[in-house]
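Here is a briefing on one protein chain.

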Amino acid sequence: MQVFGRHQQEGRSAMMSTAEMAMREDLAAAYRLIARFGMDDIIHTHISARLPEEPELLLINRYGDLFREVTPESLAVIDHHGQQMRGQQVPINTAGIVIHTAVHAARPDAVCVMHTHTAAGVAVSCLEEGLLPLNQTSLLFYGQVGYHEFEGIALDPGEQERLVADLGANRAMILRNHGLLTVGRSVGEAFALMYNLEQACRIQLSALASGRPIHLPSKEVCERTARQYEADPDGAAELEWLALRRLAGMPIDRH
């Protein structure tokens, strides 16, 4: 895995703001981490992030790159209509434009939007009951998951209104017969949500595969656990993202 050194950072900083460079590094780290944890789908699916100083512009991957190949420099800049706004024109996945621009436009808090097609995520999206409140990991999403019915490959802009309505104010959404989506106030938050949503799906499938009766926590315990996650008393979210950036080989001196 390529590691980006200080001299490379300085060269790039001359061409863009520190805030943009930090966002590019975070987003490139997220792509590489999705690949490292086996949540990628060759060149398909997408992660997008809002530029901090130009919130109407988004960073997204160049279609055709493996997720492990994504670098801060390779990320394309598009507007909320999917038009590329800077640099050389590169291929951008149409479904990525349809899904991600819709969520960013509808949700000012959506700094990062992440979408996957993992085997576990797609399998749970096919279950009538969706995600069950089975365990500590799944309770991170208690009362925080929307569901969107499958309408075919997401190529039709007409689907955008229904997609964002189904997402609502939730931090995660299960796209029926399709995959998973998370929304974060930072790249780190969106990644943490996706990692845990994926784990919750894998655990659920393992539990159901046992064929044994399923034991669910009480409603009161589910609600209490969700509140505990939201409070994050130990500041785990920031510590976790710093550790993950190191794992992805990204510099951490700005964080």
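A salt bridge here is a side-chain nitrogen of Lys or Arg within 4 Å of a carboxyl oxygen of Asp or Glu. The model is predicted, so local features need pLDDT of at least 70, side-chain atom pairs count only at pLDDT 80 or more, and totals for chains, interfaces and linings use all residues. Residues are numbered from 1 along each chain as its sequence is written, and side-chain values use heavy atoms, with hydrogens and water left out.

**Salt bridges**

- The whole structure holds 12 salt bridges.
- Glu20 pairs with Arg86, with 3.0 Å between the closest N and O atoms. Glu20 sits in helix α2 and Arg86 in the loop between β3 (76–79) and α3 (94–106), so the bridge ties together parts that are 66 residues apart in sequence. Helices (H or I, at least four residues) and strands (E, at least two) are DSSP runs, numbered from the N terminus.
- Glu20 is buried, at 6% relative accessibility. Arg86 is partly exposed, at 32%. The cut-offs are under 20% relative accessible area for buried, over 50% for exposed, and partly exposed in between (1.4 Å probe, protein chains only).
- Glu54 also forms a salt bridge with Arg86, at 2.2 Å, N to O. This pair links distant parts of the chain: Glu54 is in strand β2 (residues 54–60), Arg86 is in the loop between β3 and α3, and they are 32 residues apart. Glu54 is partly exposed, with a relative accessible area of 34%.
- Salt bridges with shared partners join Glu20, Arg24, Glu54 and Arg86 into one network.
- Asp26 and Arg245 form another salt bridge, at 2.5 Å, N to O. Asp26 belongs to helix α2 and Arg245 to helix α8, 219 residues apart. Both Asp26 and Arg245 are buried.

**Helix packing**

- Two packed helices are described by the angle between their axes and the distance between the axes. Axes are lines fitted to C-alpha atoms, for helices over the stretch in contact, and angles run from 0 to 180 degrees between N-to-C directions.
- Helix α2 (residues 18–36) packs on helix α8 (residues 236–248) at about 75°, with the axes 9 Å apart. That makes α2 roughly perpendicular to α8. Angles under 35 degrees count as roughly parallel, over 145 as roughly antiparallel, 65 to 115 as roughly perpendicular and the rest as oblique.
- On the α2 side, the contact residues are Ala22, Glu25, Asp26, Ala29, Ala30, Arg32, Leu33 and Arg36. On the α8 side they are Trp241, Leu244, Arg245, Leu247 and Ala248. Contact means heavy atoms within 4.5 Å.
- The axes of α6 and α8 come within 10 Å and cross at roughly 90°. These two helices, α6 and α8, are therefore roughly perpendicular to each other.
- Val187, Gly188, Phe191 and Ala192 of α6 meet Glu240, Trp241 and Leu244 of α8.

**Around Ile99**

- Ile99 lies in helix α3. Ile99 is buried, with a relative accessible area of 1%.
- Neighbours within four places in sequence aside, Ile99 is in contact with His115, Ala154, Leu163, His178 and Leu181.
- Ile99 and Gln160 are 61 residues apart in sequence, yet 6.8 Å apart in space, C-alpha to C-alpha.

**Positive phi**

- Ile42 is not a glycine, yet has a positive phi of about 55°. Ile42 is in the loop between α2 and β1 (46–51). Ile42 is exposed, with a relative accessible area of 58%.
- Thr45, also not a glycine, has a positive phi of about 70°. Thr45 is in the loop between α2 and β1. Thr45 counts as buried, at 1% relative accessibility.

**Surface patch**

- Leu208, Ile214 and Leu216 make a nonpolar surface patch of about 220 Å². Patches are made of residues with over 30% relative accessible area and no salt bridge; like charges are joined within 9 Å, nonpolar side chains (Val, Leu, Ile, Met, Phe, Trp, Tyr) within 5 Å. Accessible areas come from the Shrake-Rupley method with a 1.4 Å probe; for residues, only the protein chains shown count as cover.
- Leu208 lies in helix α6 (residues 187–209). Leu208 is partly exposed, at 34% relative accessibility.
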